[in-house]
Each structure stands twice: as structure tokens, then as C-alpha cells.
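Please look over the following model and the way its chains are arranged. The explanation after it goes from the interface to the single chain.

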Number of protein chains: 2
Amino acid sequence: MLNVLKLGGSVVTFKDRVMTQNEEAIRRLSGEIAAAGPRRLVVVHGGGSYGHPLAKEHGIADGFKSAGQLVGFSKTRQAMVVLNCLVVDALLDEGVPAVSVSPSSFISTQDGRLQEFDLDIVKRYLDSGTVPVMYGDAILDSVLGFTILSGDQLAVRLATDLGAAKLIFGVDVDGVYTANPKMAKGAKLIERLSLSQVKGIIRIGEAVSTDVTGGMLGKINEAQAAVEAGVSVQLVNALEPGRTLRALRGEPVVGTILTR
Amino acid sequence: MLNVLKLGGSVVTFKDRVMTQNEEAIRRLSGEIAAAGPRRLVVVHGGGSYGHPLAKEHGIADGFKSAGQLVGFSKTRQAMVVLNCLVVDALLDEGVPAVSVSPSSFISTQDGRLQEFDLDIVKRYLDSGTVPVMYGDAILDSVLGFTILSGDQLAVRLATDLGAAKLIFGVDVDGVYTANPKMAKGAKLIERLSLSQVKGIIRIGEAVSTDVTGGMLGKINEAQAAVEAGVSVQLVNALEPGRTLRALRGEPVVGTILTR
């Protein structure tokens, strides 16, 4: 049984401070991953305050416009390597045989979307008993020159193509809400959310042009493909101690489960 | 015209101190690479005091024996990621759009030797105007489970398969000597060394069971394949300021050139 755990950029970093990792969260979550035991697991993390400010400054997501961006592209990649090092080091400290697998070293996109790519090496790391740790990355794109591959898109694709039993999104809120809990007092956590409900929410989201779900809109939109492929998709608050561990173990936990 | 520059582990690190980079050499060589101008270039560096002690401690080169090695395998990989970060950061500081390309993220070996592997992404980084920076790495092996891929083997293969004009080995001696210059006073630098002479030296090397060439035996043995493929192979002392720059520019420089 394979799990894919996506840790959000707002979990492993402080999004409002430049290049600042959330060391306490990274250390605690590494402990939770170790405590969950030696199951087959792929970890994917986001960029947060490492990748995003550099990517924005140099317009990486919009693709190649001029040679002046190349150093910015390199710096964005490099910031992600550094953040990934911090995550892998924390996992190694907990005795988890984590191996950094660099997306931009073997994956490219076409107009921002993943096409077929060779997952053989990821499978072999899993078979060898190690835990591949991947991340959102600045990568080559056959249409745009380069772009940003989000950790969400990557995690969904890995879960789908590797036939994962479960895809867990560790985020900085409790799950998907009926309204943005940071704005609306009456917002309620949706414990089970079906794809047809998701489609309704996305329509609402488009209509009001703000993310009514508490920042989860893009994520659940991306996650639909995994749900449709039979992967159990769950959103939990990874900043709340113990919740990620319970999700990894398959125990009941506060959060949102996406269903067909 | 493509150059491949291999920087030895004894150039980018101090081999006799654990996990100690030669910051001065890394910074100066980054400047020389920047000064050589925007030619097509792949940089490969060795492990030195980053990769080797951990690989030795955990028996990584000999392959998988027990699950107890897995964390050691991961730590060896991680040490190389950290060293690679230092090299890439120094290049970025000099304005070189260097991109880290992690060998163990897409390459594996068979009984310690590289088989066919997909160089498409390396070619695309070159086409995009960036400088791929690769390294000797702890990687998966289809026979041994895992092993060490030397930076030398990787550099030779890249030069051969990418059709490089030149492969430059930046080492910590002036080139190949008639005897080990650290032992024998009368040792003379060989400025041009043919493959038939190499074969003679290797026989001597085997006979006396020590490396009479000043530590260059394994390197020139590995490099034969590149020479046979028509790549111009040159060894220069990268610890001597300016020599790597002159080699990159194709200017006359103290060193050894391997010829057919």
C-alpha cells in the first residue's frame, strides 16, 4: 500500500517571510512520518517562501521571455534544492531513509502540464525501501521554455500513476470549508466532499472570483484526477500535531475526504 | 562547441578534512568559468570529503547488503546535494546560469557501469542557455542495488554521448607524470600521452600495484573511451589559478593532452 503525502509550502515554510523554513513543523512532521512506520511513501513538498518569491520576481511561471531570466530560473531551482535539503535532513535525523528526487532533473511539462514521464526511478527507490522526497520545482517546458511545476500537480500525478491507495494533502487549514474560514465566521468544515460538490464550488469560485474554500480551490480542482483514478484523497491540517500521523496510519482524523 | 569540465573532489574539497569544501577554489573556478564566456558547458564535480567518507563508512560502492545501509545511502546522496549546492551557488554568484542536475534522480548503473540513459534533459538545459552542473553520486544499480557513480565515469560518458569537443579534467596535479611526482624527484610531466602509451602505463600500474602516474591512472583509464570517440581530453591543475580558464578557452596551458 502506497501513500503520497503532499506538505504545503505554508506548512514547511512561513509564507510571509522570505526564505524562512518552519523548522518546528518540519521536525515534528518528520517524526510523524517516522512514527507512521515503514510503509511505502512518497513525500512531495511545496515551495512556500523559498520558491515563490524568486519565481514571481523572475516571472518563471509565465515562461521564457529573455535570457535575463536564466539566472532567476536557476536561483528558483536552487532555492527549492535548499528547502528540499532541510526536509530530507530532518527525515534522516528521524531515521527515515529519505532520498531527494529532483523533479527538474528528469521531468518537463508541456504548456505547464505534466505529460508522460518515466516513473521507473521513483518506483525503484520505493522498492529499495527508501522514501523519495520530491517538490514543486522550476522546470523545462516544451512550449513555454520553462515554468513552475506545482507540488500539487506533481503529487496528484504521482499518486495516480503509482496507483497510490491514499493521497494526503497536509495544509495549514483544517480542510475544505463551506466558506473562507478566515473571512466568514459561520464557515463549516466539510468532512466529505464529492466531485459533483467540487464542481459546484468551483463554479461559485469562478463566479465570485475569490477562493471561497479557504485557499483549497486550486488544490481540490487538481485533486479531482486522483479521486477519479480511485485514490483516496484527504486534506488535513499538518500544522496541528498528530493529524498527519493519523492520516498516514488511516485512523479517523479531522479533515476533508474527497469522494467520487 | 560543447565543453565538459570535470572538477576533481580534491579540487572542490579538502580531501583530508571531513565535509570541508575548498571555498577559495570553488569561488575562483566559478570566476574562470564565467570569464570563459557563454559557451556550451557541462560541469561535473567529484565527491571529495563530502561523498567519500560517508560512502566508505556505509559500504555504498559495494552495493546493498542490509537495510541498515539505507540511511547511509541517503546520507551519502544528501552530502553530494549539499556540495553541489555550494558549487552551483558560487556559479550563480558569478552570473553563470548554472542548474543542478541530480544524477541519481534519473540515472542508474548496471554492476557499477552506466548503460544507456536519457540525456534529453541535459541537452535541453544546454539549448536553453543554462549550464548543467552534475556530480559523482550514490545511485541505484540493477545488479548491486546501489553503488557509487564516479564523477569521472559520468563526465566521460557525457562528453562522449553529447559529442563534446573537449573534456577537461581539473585535478590537483599538473597532469600525468612519468612517475609519481609526490614520490619520485625525477618525475616528468607528460604533455602529450597517446592511448598506446596509456596502455603501457596501465600495465606498469597493475604490475607495481601502486599508481605511478600521480593518481591519474583510474582517470586516464576511464578517459580512453572519450579519446576513442574523438573528444579532445586534457588534464590541467585546477588548483593553479588561470589554467582552467585557459583550457576552457582552448589556449595553450601546462597539462597533459590525451591523444589517439
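How many residue pairs are in polar contact between chain B and chain A? In this predicted model, the count between the two chains is 16 residue pairs, with both residues at pLDDT 80 or more.

Sorted by kind, the residues of the side of chain B that touches chain A are 18 nonpolar, 12 polar and five charged.

Counted by contact, 35 residues of chain B meet 35 residues of chain A. The area that the two chains bury between them is about 2,900 Å², and 63% of it lies on carbon and sulfur atoms.

The next point is how the two copies are placed. In general, two copies of a chain are related by a rotation about an axis and a shift along it. Here chain B is superposed on chain A by a rotation of 180° with 0.0 Å of shift along the axis, at an RMSD of 0.0 Å. The two copies are therefore related as by a two-fold rotation axis. Of the interface residues of chain B, 100% are also interface residues in chain A, so the copies meet through the same surface.

Now take one chain by itself. Chain A is built with nine helices and 12 strands. Its radius of gyration is 17 Å, close to the 18 Å that the globule rule gives for 260 residues, so chain A is as compact as a globular protein of that length. The C-alpha trace of chain A spans about 50 × 45 × 35 Å along its principal axes.

Side chains of opposite charge can pair when their charged atoms come close. Over all chains, the count is 20 salt bridges. One of the pairs is A:Arg40 with A:Asp127, whose closest N and O atoms are 3.2 Å apart.

Notes:
Residues numbered from 1 in each chain as written. Chains lettered and ligands numbered in written order. Predicted model: local features only at pLDDT ≥ 70, side-chain atom pairs only at ≥ 80, totals over all residues. Heavy atoms only, no water. Least-squares fit on C-alpha atoms with pLDDT ≥ 70 in both. Contact = heavy atoms within 4.5 Å. Buried area = accessible area lost by both parts, 1.4 Å probe. Polar contact = N/O pair within 3.5 Å; in protein donor to acceptor, adjacent residues only side chain to side chain. Nonpolar A, V, L, I, M, F, W, Y, C, P; charged D, E, K, R; others polar. Helix = DSSP H or I, 4+ residues; strand = E, 2+ residues; numbered from the N terminus. Rg over C-alpha atoms; globule rule 2.2 N^0.38 Å. Salt bridge = Lys/Arg side-chain N within 4 Å of Asp/Glu carboxyl O.
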